[in-house]
Amino acid sequence: MHGLASESQSYQGRWGERIFRIRLFPGGITVSLGLHDRVQVYTYEASGRPWTFILDGRIYRRALNGTMLVKWRPKGQARQRQRLTQAKALRVEARARERLAAFAQAWHAGQLAFDHPPPRAAWERLQRALAWDEARSREDAAQYFRVYKPIGILPPDQYLAVVIQITEGCSFNTCTFCTFYRDRPFRIKTPEEVRAHSEAVRAYLGLGLPLRHGIFLGDANALVAPMPRLLRLLDTVRAAFPEEKFRSLYAFLDGFSGERKRPSDYAALAERGLHRVYIGLESGHAPLLRFLHKPGTPQDALAAVRAMKEGGLAVGVIVLLGAGGRAYAEGHVRDTIQLLNQMPLGREDIVYFSELVVTPNMPYAREAIRAGIEPLTPEEQHAQQKAIVEGLRFPKEHRPRISRYDIREFVY
Ligand code: SF4
């Protein structure tokens with residue numbers, strides 16, 4: 001037996017006919033049984049909290065609220081996904097636990113042949129995963145709702161950040177296609193509240209904290225807080241998460257009619273560790289933004305991006321595919337290309353394409369019917385992305401990354 005290094009370590013061996021692999025990594029453990037398309041994978045946080053499973057060809061990812069996202073690809077068909085309620089997710093957890101218990105029993109009975117023996121931490125983490133029963137899982141999800149206001153969305157590269165809600169809600173709440181914060185009045189927390197919240201989050205994530213990196217400042221537009229207040233809040237977060245892996249901070253900036261910040265403000269935030277800001281541009285086409293009730297104009301968004309870049313920040317600019325359907329498609333593509341090309345983007349920046357997902361409770365659904373808007377098919381939305389990307393004119397050394405932003409994939 002030897003100590004557990006900070007990097008990941010693998011231990012493999014045989015269990016009768018089957019091969020297995022145990023991987024220890026900061027904040028978690030993975031046990032894989034079998035090979036290739038028959039592999040079963042069980043990943044838990046070091047605290048025992050279930051994280052991801054691959055069971056019978058399906059990938060399950062547990063959210064802290066106790067629900068799960070499951071993804072699979074039926075033969076010859078597109079990928080499917082479904083959200084499981086907590087009750088269904090608990091059944092999946094139980095199925096995984098049962099199989100893992102058989103593995104642990106075989107280990108205890110000396111039936112596993114390891115290539116080289118794993119450290120004691122592997123056995124301890126396995127035991128904690130097995131101790132995470134239904135009652136524990138329910139209590140953990142209940143605790144999530146005590147620590148956080150439900151987190152509705154994060155950028156796709158931030159699912160493993162630690163979210164700290166220095167503000168709550170959205171300061172605009174007018175966009176017809178967004179229901180994330182409808183029932184949550186906007187407010188900026190006090191430094192004392194942020195300190196208490198940060199401590200509660202640390203305690204809640206517990207032994208699983210090391211598997212996360214970076215801090216995402218919630219909710220929708222934390223950066224609208226006035227500068228002196230914002231700097232104090234960032235200092236409070238910094239003090240609560242002094243580790244190097246939490247040095248980088250991230251946030252959304254959405255809607256541009258609020259407090260305007262200058263390049264020097266962004267430089268001061270960059271000095272505090274702010275790394276990338278995610279901007280809900282949606283479109284460069286002003287009439288479409290008006291139709292969506294999105295606050296601000298494309299020119300406001302451009303000015304904000306220029307100020308952020310001048311202040312030394314990276315940006316992620318989010319474009320909404322299919323917004324305004326066929327009626328706005330031409331203007332949306334044309335003006336979004338034009339606007340993006342005016343942005344001083346570089347290789348550290350990302351242009352995200354997010355498909356419009358309409359649910360019946362959205363004002364967008366009613367307004368689209370009233371305006372006789374014909375929606376774009378998924379194929380047409382892909383074509384819209386392609387047309388915008390083909391119109392971008394960035395020199396090779398300044399080409400931003402292009403990425404998908406699928407809100408249906410979000411799990412925290
Ligand atoms: S500004 Fe952003 S978070 Fe606020 S309502 Fe609009 S899309 Fe939603």
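**Helix packing, domains and ligand shell in a predicted model**

Arg97, Leu100, Ala101 and Ala104 of helix 1 meet Leu126, Ala129 and Leu130 of helix 2 in this predicted model.

Me: By class, which residues does the contact of helix 1 with helix 2 have?
Reply: Helix 1 (residues 86–108) and helix 2 (residues 120–131) have axes that come within 10 Å and cross at roughly 145°, and helix 1 passes helix 2 in a left-handed crossing. Sorted by class, the contact has 6 nonpolar, no polar and 1 charged residues.

Me: Is helix 9 roughly parallel or roughly antiparallel to helix 11?
Reply: The axes of helix 9 (residues 325–342) and helix 11 (residues 378–391) come within 9 Å, with a crossing angle of roughly 30°. Angles under 35 degrees count as roughly parallel, and therefore helix 9 and helix 11 are described as roughly parallel.

Me: How do the residues of the contact of helix 9 with helix 11 divide?
Reply: Helix 9 passes helix 11 in a right-handed crossing. On the side of helix 9 the contact is made by Ala329, Val333, Thr336 and Ile337, and on the side of helix 11 by Gln384, Ala387, Ile388 and Gly391. These residues divide into 5 nonpolar, 3 polar and no charged.

Me: How do the residues on the side of domain 1 that touches domain 2 divide?
Reply: The domain assignment gives domain 1 as 9–133 and domain 2 as 148–409, and their C-alpha centres lie 33 Å apart. Their contact takes 10 residues from domain 1 and 8 residues from domain 2. On the side of domain 1, the residues divide into 3 nonpolar, 4 polar and 3 charged.

Me: By class, which residues does the shell around the ligand have?
Reply: Surrounding the ligand are Cys170, Phe172, Asn173, Thr174, Cys175, Cys178, Phe180, Tyr181, Ala220, Asp254, Gly255 and Gly280. Taken by class, this shell has 7 nonpolar, 4 polar and 1 charged residues.

Me: What is omega for the cis peptide bond that joins Gly218 and Asp219?
Reply: Asp219 lies in the loop between strand 13 (215–218) and helix 5 (227–240). The peptide bond that joins Gly218 and Asp219 is cis, and its omega is about -5°.

Me: What is phi of Asp56 near?
Reply: Asp56 is found in the loop that runs between strand 5 (50–55) and strand 6 (58–62). Phi of Asp56 is a positive value in a residue other than glycine, near 50°.

Technical notes: Residues numbered from 1 in each chain as written. Predicted model: local features only at pLDDT ≥ 70, side-chain atom pairs only at ≥ 80, totals over all residues. Axes fitted to C-alpha atoms, helices over the stretch in contact; angles between N-to-C directions. Helix = DSSP H or I, 4+ residues; strand = E, 2+ residues; numbered from the N terminus. Parallel < 35°, antiparallel > 145°, perpendicular 65-115°, else oblique. Left-handed = near helix turned anticlockwise from the far one by under 90°. Contact = placed C-beta atoms within 7 Å. Nonpolar A, V, L, I, M, F, W, Y, C, P; charged D, E, K, R; others polar. Near = placed C-beta within 6 Å. Domains from an automatic or database assignment.
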